[in-house]
Structure formats: structure tokens, C-alpha cells
Amino acid sequence: MPLFEPGVAYVDISSGQLKGATSRYVKTFRDLDGLYEDSAAFSSLVDRSGDEVAYEVTDYKPSSNLGDIIIGVTRMEPGKIGNEYYMTRGHIHARPNRPEMYYGESGLGVMLLESPDGQIRTIEIKPRTMCYVPPFWIHRSVNVGRQPLVMTFSYPADSGQDYDIIAKAGGMRSRIVDDGKGGWKTVENKGYRIRPQALVDSIMAKVE
Ligand SMILES: O=P(O)(O)OC[C@H]1O[C@H](O)[C@H](O)[C@@H](O)[C@@H]1O
Ligand SMILES: [Fe+2]
């Protein structure tokens with residue numbers, strides 16, 4: 001195995017980007033079809049500004065090798081669709097026993113976590129909050145503030161992402177919405193379908 005050179009990059013909080021990143025991807029609002037409960041509000045947002053960036057990920061990804069690491073920055077715009085705050089697609093890692101670390105840089109966010117058997121946890125992210133996403137937890141970040149949400153993150157380079165697990169269950173079990181007092185609250189996702197035990201067991205058995 002060849003030796004990699006040490007790397008360095010700069011977390012630019014004002015742009016919400018990792019300067020010196022090796023890869024970048026953006027999700028426009030158009031890319032987020034099916035995520036939000038209020039589909040009418042979503043469609044009118046897409047008509048108005050479907051090509052605008054909802055969130056951007058810039059990361060330092062030296063390889064996808066077992067044992068290597070990815071470090072990056074996510075920036076998500078503030079806003080709501082209906083009364084639901086802007087959020088990332090969310091995923092479980094393709095190798096589901098890979099964890100992730102999130103660190104708040106600026107703005108106010110919530111990490112929405114769901115276990116394969118449908119338990120929900122929410123963790124509020126402020127500047128300097130460190131959030132541990134354990135192995136096997138589905139995770140989605142939500143911007144519940146009025147400013148862009150900027151977080152750094154790090155996770156194993158061979159994790160990969162499985163987005164279908166959320167779509168197949170009709171979304172995540174909970175939604176993060178405006179509480180009417182300028183804050184946020186968790187509400188039940190009425191379209192959620194609990195996973196069969198056999199599927200839960202097969203996910204929990206993936207410890208490669
Ligand atoms: O991957 P998404 O669910 O679209 O969300 C964006 C996410 O992308 C990457 O996987 C990063 O690990 C996350 O920190 C980031 O938030
Ligand atoms: Fe992740």
C-alpha cells in the first residue's frame with residue numbers, strides 16, 4: 001500500500017465550503033422531489049427557483065479505502081417548504097456499521113436520526129456542538145435557523161450512502177417543522193412504513 005501525503009484544507013465558514021476540497025456536490029431544490037410533506041409548496045418552490053442550491057457538500061476524500069477517512073463541510077440554506085424546514089436527503093451508510101461525526105460551525109441545525117427499527121432521536125447542532133452518529137443510524141441534517149447551516153463532518157472513506165432505505169419506508173419516521181414560536185418541533189410522518197423485522201435484522205447483520 002503506497003503512503004499518502006498528509007493533506008490540509010481550510011473550513012471557510014462564510015462561504016460554507018472546504019477550501020482545498022477534492023470533491024464537491026450540490027443539491028438543488030429540483031433534486032429533492034418527494035422529501036417534503038407539502039408537495040404543493042414544493043412544486044411552487046421548484047417552479048420559482050428549482051435550480052437554486054439547497055445544500056452543498058465539499059469534502060476532502062483521499063480514497064474510498066477501508067481504513068481511510070473523509071472530512072468535509074456541508075452548507076444548507078435556511079428556509080421552509082410549507083412548515084417543514086429545509087433538510088438533506090438523508091441516508092444510512094451503504095456499509096451501515098460506519099459512523100459519522102458532525103461539528104457545528106455556524107447556524108442552527110438538527111440532526112434527525114432513525115434506527116432501522118424506527119426509533120427517532122433529534123440532536124440540536126449549534127456552533128461547537130459535536131454530534132456522534134453511531135453505526136446503523138439513518139441520519140439527515142435539518143436547518144432550523146434563519147442563517148445558512150454550516151457543519152464539518154467526518155466518516156470512514158468506505159462508508160458509501162444508501163438513500164433508498166428512506167424512500168422505501170415513505171420517508172423518515174418524523175418530520176422537523178416550525179413550532180409556531182420561531183423554533184422547531186418533531187411531528188409524525190403519516191406516510192411512514194415501519195420496516196419488517198427481517199429487513200431490520202439483515203441491516204444489523206451487515207458488519208463487514
Ligand atoms: O448525502 P445527503 O443525505 O444528500 O446529505 C448531505 C451529506 O452528504 C455527505 O454524505 C456528508 O457525509 C454529510 O455530512 C452531508 O450532510
Ligand atoms: Fe453520512
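## Annotated span and model confidence

Residues 26-189 form a span that is 10% helix and 43% strand, with its end C-alpha atoms 26 Å apart. Helices (H or I, at least four residues) and strands (E, at least two) are DSSP runs, numbered from the N terminus. UniProt lists residues 26-189, in an unreviewed entry, as "domain: Glucose-6-phosphate isomerase prokaryote". UniProt positions are given in the numbering used here, feature names are shortened, and annotations may be inferred rather than shown by experiment.

This is a predicted model, in which local features need pLDDT of at least 70 and side-chain atom pairs count only at pLDDT 80 or more, while totals for chains, interfaces and linings use all residues. Residues are numbered from 1 along each chain as its sequence is written, chains are lettered from A and ligands numbered from 1 in the order in which they are written, and side-chain values use heavy atoms, with hydrogens and water left out. The average pLDDT of the protein is 97, and 100% of the residues score at least 70; pLDDT is the predictor's confidence in each residue, from 0 to 100. For the complex, the predictor gives an ipTM of 0.93 and a pTM of 0.96.

Distant parts of the chain are linked by the pair of Glu-100 in strand 8 (residues 100-106) and His-139 in strand 12 (residues 138-143), which are 39 residues apart. Glu-100 is buried, at a relative accessible area of 4%, and His-139 is buried at 1%. Buried means under 20% relative accessible area, exposed over 50%, and partly exposed in between (1.4 Å probe, protein chains only).

## Aromatic pairs and a charge over a ring

The whole structure contains 4 aromatic pairs. Rings of Phe, Tyr and Trp (its six-membered ring) pair if their centres lie within 6.5 Å; planes under 30 degrees apart count as stacked, over 60 as edge-to-face and the rest as tilted. One of the pairs, Tyr-36 with Phe-42, is stacked, at 6.2 Å centre to centre and 20° between the planes. Tyr-36 and Phe-42 are both buried.

The pair of Tyr-102 and Phe-153 is tilted, because the ring centres are 6.3 Å apart and the planes stand at 50°. This pair links distant parts of the chain, with Tyr-102 in strand 8 and Phe-153 in strand 13 (residues 149-156), 51 residues apart. Tyr-102 is buried at a relative accessible area of 5%, and Phe-153 is buried at 5%. Tyr-102, Phe-153 and Tyr-155 are linked by ring pairs into a cluster. Elsewhere, the charged end of Arg-89 sits over the ring of Tyr-163, 3.8 Å from its centre; the criterion is NZ of Lys or CZ of Arg within 6 Å of the ring centre and within 35 degrees of the ring normal.

## Positive phi values in loops

Arg-128 is a residue other than glycine with a positive phi, near 80°. Arg-128 belongs to the loop between strand 10 (120-125) and strand 11 (130-133) and is exposed, at 67% relative accessibility.

Phe-136 also has a positive phi near 80°. Phe-136 lies in the loop between strand 11 and strand 12 and is buried, with a relative accessible area of 14%.

## Further positions

Ala-40 is part of helix 1 (residues 39-49) and is exposed, at a relative accessible area of 56%. Ala-40 and Gly-82 are separated by 42 residues in sequence and by 8.5 Å in space, C-alpha to C-alpha.

Asn-83 occupies the loop between strand 6 (80-81) and strand 7 (84-85) and is partly exposed at 42% relative accessibility. Asn-83 lies 92 residues from Arg-175 in sequence and 9.9 Å from Arg-175 in space, C-alpha to C-alpha. Lys-185, in strand 15 (residues 184-188), is partly exposed at 40%.
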